[in-house]
2 protein chains.
Amino acid sequence: VTVDLDALCARIGPLDETAMTAARDRQDRLTKPRGALGRLEDISIWLSGAQGRCPPVQPDRIRVVVFAADHGCAAAGVSAYPQEVTGQMVANFVAGGAAVNVLATVVGASVRVVDVGVTHPPPGLPADVTRYRVRPSSGRLDVEDALTAGDVRQAMAVGVQIADEEVDGGTDLLLPGDMGIGNTTPATAVIAALTNGDVAALVGRGTGIDDAGLVVKRDVIQRALERVGPHLTPVDVLARIGGCDVAATTGFLLEAAARRTPVILDGIVSAAAALTAAAICPAAAQWWVAGHRSTEPAQSAALAALRVEPLVDLGLRLGEGTGALLAVPVLRAAVATLTGMATFDEAGVSDHDE
Amino acid sequence: VTVDLDALCARIGPLDETAMTAARDRQDRLTKPRGALGRLEDISIWLSGAQGRCPPVQPDRIRVVVFAADHGCAAAGVSAYPQEVTGQMVANFVAGGAAVNVLATVVGASVRVVDVGVTHPPPGLPADVTRYRVRPSSGRLDVEDALTAGDVRQAMAVGVQIADEEVDGGTDLLLPGDMGIGNTTPATAVIAALTNGDVAALVGRGTGIDDAGLVVKRDVIQRALERVGPHLTPVDVLARIGGCDVAATTGFLLEAAARRTPVILDGIVSAAAALTAAAICPAAAQWWVAGHRSTEPAQSAALAALRVEPLVDLGLRLGEGTGALLAVPVLRAAVATLTGMATFDEAGVSDHDE
């Protein structure tokens with residue numbers, strides 16, 4: 001299974017300018033000063049462009065796809081949790097007990113879990129969770145390549161396939177999520193490689209490592225970057241210092257764009273994937289908004305490199321899709337105002353510009 | 001009608017520490033790293049304390065109360081809109097066509113409009129909107145006192161009465177809103193007086209005035225502050241440079257605290273009222289959270305003086321209660337996670353701290 005990236009990129013088109021112009025025009029006639037709804041106006045215009053209609057409709061089927069994978073670097077001591085927690089949390093997602101489940105329910109979304117590289121999957125996981133597994137874990141990136149070229153192709157193809165299944169099934173808003181002990185380490189490495197950033201400034205505490213753990217994590221990432229050197233292609237970055245989760249999410253984001261389906265990005269793993277996907281196909285980035293700012297410095301650096309400002313900033317550092325879910329009500333508010341507010345004419349309110 | 005402020009302050013008690021301790025303890029047992037939900041955890045603990053129970057329940061009856069009033073300073077050219085728009089927008093609120101109506105619907109809240117000082121109320125407004133009117137407009141604060149001492153007492157009493165009516169009617173989350181052409185001018189003056197702040201740094205563009213208008217507005221506020229001099233009591237501030245809307249909201253916030261009902265603050269008018277209310281009774285402030293950061297510099301200054309960080313920052317500058325409404329989903333998410341997530345024990349997930 002392989003993805004033809006050139007063909008995929010060629011399928012990614014622009015937002016619908018006609019719908020966006022109509023949305024801008026309507027925003028300016030609503031009973032409020034022009035621009036007074038701030039970023040709600042921008043989001044309403046963006047979603048009009050993504051849906052190709054003005055006013056846009058409320059997203060009807062919102063799906064979080066959690067790409068779960070383990071990472072060989074966990075053996076280096078980069079996480080506060082044992083690796084077995086990845087599989088335990090996958091079971092928790094399936095049972096509905098995790099934060100992503102609860103937050104999805106509260107905004108009317110649903111959660112799909114895709115195991116692309118869990119080392120110790122608990123027995124009894126549904127086949128639709130496990131059937132996409134690329135490999136268990138990954139290579140320890142400070143001393144060896146994380147994935148083979150074949151693993152990357154397969155993981156990206158899984159992401160493409162999942163996006164297609166979702167869009168074919170009627171999903172009209174996609175939220176990438178992640179679960180994997182150690183995953184902020186490859187994600188930070190990918191972001192550092194693609195932004196040519198300073199590792200010491202990019203490394204964060206992930207699940208909550210202490211100062212000593214932070215030094216270990218920084219050194220692991222630094223050694224990984226030294227090992228592979230500069231001038232890698234985006235796909236090489238995924239293979240050498242990434243992981244199945246980042247690779248799958250990269251394919252997922254590209255295919256979502258090709259299928260003209262809007263996306264809300266989540267935390268550092270989806271930011272790393274977005275940066276990689278934008279490096280492969282810059283036009284894809286217009287189909288995504290940044291859900292939230294996490295406490296991971298590399299996530300902020302990736303969003304800055306993508307020139308996007310997150311919608312929510314509440315100090316979360318959980319991943320799973322939780323930060324993206326917190327932005328869903330912002331989209332709903334944006335759609336509701338553009339759709340439901342009276343215009344100056346309709347309400348008989350004096351507009352100073354007329 | 002008068003409010004005994006000493007008696008009112010004496011009725012304001014603390015949050016429930018037992019419930020907050022239970023909430024903190026429960027947060028630490030949920031299947032996520034401790035603290036990983038960021039401010040959602042803080043909000044869940046705060047709401048537990050306000051409701052006096054852990055876990056807290058989802059707010060069931062959420063009400064925005066829009067205090068509408070005109071301001072004499074509009075004659076000085078501080079707004080981009082004619083004063084008649086205040087009444088027109090009150091009619092728009094009643095008809096359900098304004099941003100506050102639409103955003104209330106989308107988060108399951110309702111809107112109540114209270115005319116405390118509209119100059120040109122349109123014919124046909126319902127009696128429950130108009131019966132609380134204190135006076136039309138206010139004095140032009142750069143040359144005369146905005147209100148009499150009697151006006152202030154009456155406006156504060158209206159705010160107290162509305163809070164009581166709401167809590168008696170079952171409202172369990174209160175959001176103050178505002179409508180009034182010119183209202184960012186007295187609100188900025190009040191905040192400048194109470195923070196001893198620099199007017200040039202505090203003044204903002206309100207509905208969207210141009211550079212020339214900004215100079216006029218700054219000068220009007222500066223002259224008002226020079227006219228009244230320093231060392232005013234909070235109630236004197238309301239009378240001399242405030243307005244019926246700020247005064248009513250001040251009473252509303254104090255009574256909400258006395259009735260142990262949580263509040264989400266909105267933009268600059270509610271921030272000015274919160275600062276005034278906290279100056280009258282510091283204990284009241286623990287019953288409020290800041291909904292959003294508006295683009296008005298004085299609103300940020302007031303929130304900083306209150307030592308609260310807003311939950312949402314989306315560049316809104318509309319008032320009405322719209323910024324507070326955007327924070328409602330954050331509260332819902334906080335309650336949902338504390339209530340619905342599995343603990344480490346329940347989910348069989350390994351907790352590194354055990």
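The two copies meet through the same surface, because 100% of the interface residues of chain A are also interface residues in chain B. Keep in mind that this is a predicted model, where local features need pLDDT of at least 70, side-chain atom pairs count only at pLDDT 80 or more, and totals for chains, interfaces and linings use all residues. Residues are numbered from 1 along each chain as its sequence is written, chains are lettered from A and ligands numbered from 1 in the order in which they are written, and side-chain values use heavy atoms, with hydrogens and water left out.

**How the two chains sit together**

- In general, two copies of a chain are related by a rotation about an axis and a shift along it.
- On the chain A side, 49 residues are in contact with 49 residues of chain B (contact means heavy atoms within 4.5 Å).
- About 3800 Å² is buried between chain A and chain B, and carbon and sulfur atoms give 68% of that area. Buried area here is the accessible area (1.4 Å probe) that two parts lose on being put together, summed over both.
- How many salt bridges does the rule find across the interface of chain A and chain B? It finds zero, where a salt bridge is a side-chain nitrogen of Lys or Arg within 4 Å of a carboxyl oxygen of Asp or Glu.
- The rule does find 14 residue pairs in polar contact across the interface of chain A and chain B, both residues being at pLDDT 80 or more. A polar contact is a pair of N or O atoms within 3.5 Å; within protein, one must be able to donate a hydrogen and the other to accept it, and residues adjacent in sequence count only if both atoms are side-chain atoms.
- The elements of chain A that give two or more residues to the side touching chain B are helices H3 (39-51), H4 (84-95), H5, H15 (322-340) and H16 (344-347). H15(A) gives the largest share of that side, with eight residues.

- Ala99(A) is in helix H5 (residues 99-107) of chain A. Helices (H or I, at least four residues) and strands (E, at least two) are DSSP runs, numbered from the N terminus.
- Ala99(A) counts as buried, at 0% relative accessibility. Buried means under 20% relative accessible area, exposed over 50%, and partly exposed in between (1.4 Å probe, protein chains only).
- Leaving aside its neighbours within four places in sequence, Ala99(A) is in contact with Leu318(A), Glu320(A) and Thr322(A), plus Leu37(B) and Met341(B).

- E2(A) pairs with strand E1 (residues 62-69) of chain A in the parallel sense, over eight bridges. Two strands pair if DSSP finds at least two bridges between them.
- Within that pairing, Arg63(A) has Ser110(A) as its bridge partner in E2(A).
- Glu165(A) and Arg112(A) form a salt bridge, with the closest N and O atoms 2.4 Å apart. Glu165(A) lies in helix H7 of chain A and Arg112(A) in strand E2 of chain A, so the pair ties together parts that are 53 residues apart in sequence.
- Glu165(A) counts as partly exposed at 30% relative accessibility, whereas Arg112(A) is buried with a relative accessible area of 12%.

**Ser137(A) in its loop**

- Ser137(A) is in the loop between helix H6 (127-130) and helix H7 (149-168) of chain A, and counts as buried at 11% relative accessibility.
- A polar contact of 3.4 Å joins its side chain to that of Gln83(A). A polar atom of the Ser137(A) side chain also lies 3.3 Å from the backbone nitrogen of Gly72(A).

**Other salt bridges**

- Over all chains, a search of the whole structure finds 42 salt bridges.
- One of them joins Lys32(A) and Glu41(A), whose closest N and O atoms are 3.0 Å apart. Lys32(A) is buried at 2% relative accessibility, and Glu41(A) is buried with a relative accessible area of 7%.
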